[in-house]
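Please open the structure in a viewer and keep the sequence at hand.

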Amino acid sequence: MDHLEERFLRLGLVLAGGGSRIRRLVAQAAPGGKPLIASLADNGAPRAVLETAAKLANAEAKTAAEHISAAGWRWLIPGDDQYPELLAAISDPPLGLFVRGRLDNRPAVAIVGSRKASPYGLQVARLLGEELGNAGVVMVSGMARGVDEAAHRGTLAAGGRSWAVWGTGPDRIYPPEHGELADKLAAEGALITEYPPGTPPRRHHFPERNRILAGLVRAVVVVEAAARSGALITARLAMEEGREVLAVPGNIFSELSVGPNTLLRVGARPLLTPRDLFDAIGCEPPAVTSASPDGGLLRFIGAGEALSADEIAVRTERPVGEVLGKLLALELAGEISRLSDGRYSRVRAPKERTTGSGE
């Protein structure tokens with residue numbers, strides 16, 4: 001079977017509803033051996049599924065490929081240019097990927113967490129996304145509300161590349177309000193799904209797609225997650241595939257800290273600064289410049305003042321989301337502290353300008 005025939009047969013298997021068992025049998029088939037469909041039959045694949053897939057490969061699969069191509073998507077299988085090498089090696093690889101945008105094999109990290117993240121969790125996710133973007137590392141997440149969205153936007157704001165792995169078909173944006181974000185990700189990175197057109201956001205698809213999310217990356221970072229969380233599923237799958245798992249320690253009184261704190265208990269790496277993440281994946285962090293890490297934000301907080309993020313955003317005439325990321329950078333640098341009521345104050349008084357003898 002040549003590569004083009006295999007491409008349409010794999011798509012036919014997807015359209016026929018081939019699940020985990022079919023995917024694993026396809027992955028086990030010897031390359032260059034007997035035809036794929038014969039190998040599947042020999043290994044006990046259901047005859048009805050194979051017959052349906054063969055019929056679909058000769059008709060509907062080609063039509064579906066044309067339709068998704070017209071919409072800016074491609075159907076990629078192992079052996080195609082841009083197909084991720086790491087993903088092809090997992091225990092349950094997808095039959096193929098629908099992709100809009102561009103994939104490459106540069107280092108990638110997943111940032112995952114709660115859809116109902118706290119302001120602190122959103123700050124951390126955005127900061128880590130920015131750091132990865134500045135370092136040229138791909139940031140991968142699920143485009144969900146909360147941590148996912150914050151991490152995607154942080155990477156995009158830094159001019160980096162970010163991939164979103166969907167639990168729906170390529171024609172079903174979820175959540176629907178993220179259409180603008182999806183367009184930015186497609187332009188600057190990629191949208192990825194294994195589900196065919198028309199697939200709605202079914203509950204079981206999201207845990208299933210998490211194996212792809214984990215399989216694309218060198219490391220998974222869990223920012224905030226409750227005890228029963230999809231982020232913890234992603235972390236478990238990453239551990240099973242030998243990927244690094246890092247967790248951001250959290251407040252012991254917060255339900256959203258149960259997930260990362262539990263991961264730390266069972267051996268995940270603690271992420272205390274962005275440097276911890278770069279050490280885990282063996283990459284250099286972004287070059288440090290002489291510019292202030294806050295981009296001049298610190299000068300808007302006077303000595304003895306305690307200001308909310310909204311108040312600082314008004315003073316600086318910047319979006320609150322951007323201000324929160326800068327404030328977190330200042331907090332990690334020890335320049336400011338976050339008070340119990342959520343306001344921010346300087347740790348040190350601003351330096352007075354000195355007058356030298358030559359002035």
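The stops below lead from the sheet to its strands, then to a pair of loop residues, and finally to the helices.

This is a predicted model, in which local features need pLDDT of at least 70 and side-chain atom pairs count only at pLDDT 80 or more, while totals for chains, interfaces and linings use all residues. Residues are numbered from 1 along each chain as its sequence is written, and side-chain values use heavy atoms, with hydrogens and water left out.

**The sheet**

Select the strands to begin. Helices (H or I, at least four residues) and strands (E, at least two) are DSSP runs, numbered from the N terminus. An open sheet of mixed pairing is formed by 9 strands, in the order E1-E2-E6-E5-E4-E3-E7-E8-E9; two strands pair if DSSP finds at least two bridges between them. Strand E1 (74-76) and strand E9 (269-270) each have a single partner strand, so one side of each lacks a neighbour in the sheet.

Select next helix H9 (residues 179-188), which packs on the sheet and touches strand E2 (97-101), E5 and strand E6 (190-193). Contact here means heavy atoms within 4.5 Å. The direction of H9 makes about 105° with that of E6; axes are lines fitted to C-alpha atoms, for helices over the stretch in contact, and angles run from 0 to 180 degrees between N-to-C directions.

**Strand E4 and its partners**

Move to strand E4 (residues 138-141). Strand E3 (residues 108-112) runs parallel to E4 and is joined to it by 3 bridges, with Val109 having Met139 as its bridge partner in E4. E4 also pairs with E5 in the parallel sense, over 3 bridges, and Val140 stands opposite Trp163 in E5.

Which way do the residues of E4 point? Val138 and Val140 point one way, Met139 and Ser141 the other, and all are buried. Buried means under 20% relative accessible area, exposed over 50%, and partly exposed in between (1.4 Å probe, protein chains only). In a regular strand the side chains alternate between the two faces of the sheet.

Select Asp104, in the loop between E2 and E3. Asp104 has a relative accessible area of 17% and is therefore buried. The side chain of Asp104 makes polar contacts with the side chains of Arg106, at 3.1 Å, and Arg161, at 3.5 Å. A polar contact is a pair of N or O atoms within 3.5 Å; within protein, one must be able to donate a hydrogen and the other to accept it, and residues adjacent in sequence count only if both atoms are side-chain atoms.

Continue to Arg161, in the loop between H8 and strand E5 (162-165). Arg161 is buried, because its relative accessible area is 19%. Its side chain reaches the backbone oxygen of Arg102 at 2.9 Å. Beyond four places in sequence, the residues that Arg161 touches include Val137, Thr155 and Glu188.

**Helices H7 and H8**

Finally, select helix H7 (residues 119-135) and helix H8 (residues 147-157), whose axes come within 7 Å and cross at roughly 35°. The residues of H7 in this contact include Leu122, Ala125 and Gly129, and those of H8 include Val147, Ala150 and Gly154.

Asn134 also lies in helix H7. Is Asn134 buried, exposed or partly exposed? Asn134 counts as partly exposed because its relative accessibility is 46%. Not counting residues up to four places away in sequence, Asn134 touches Ala158 and Pro286.
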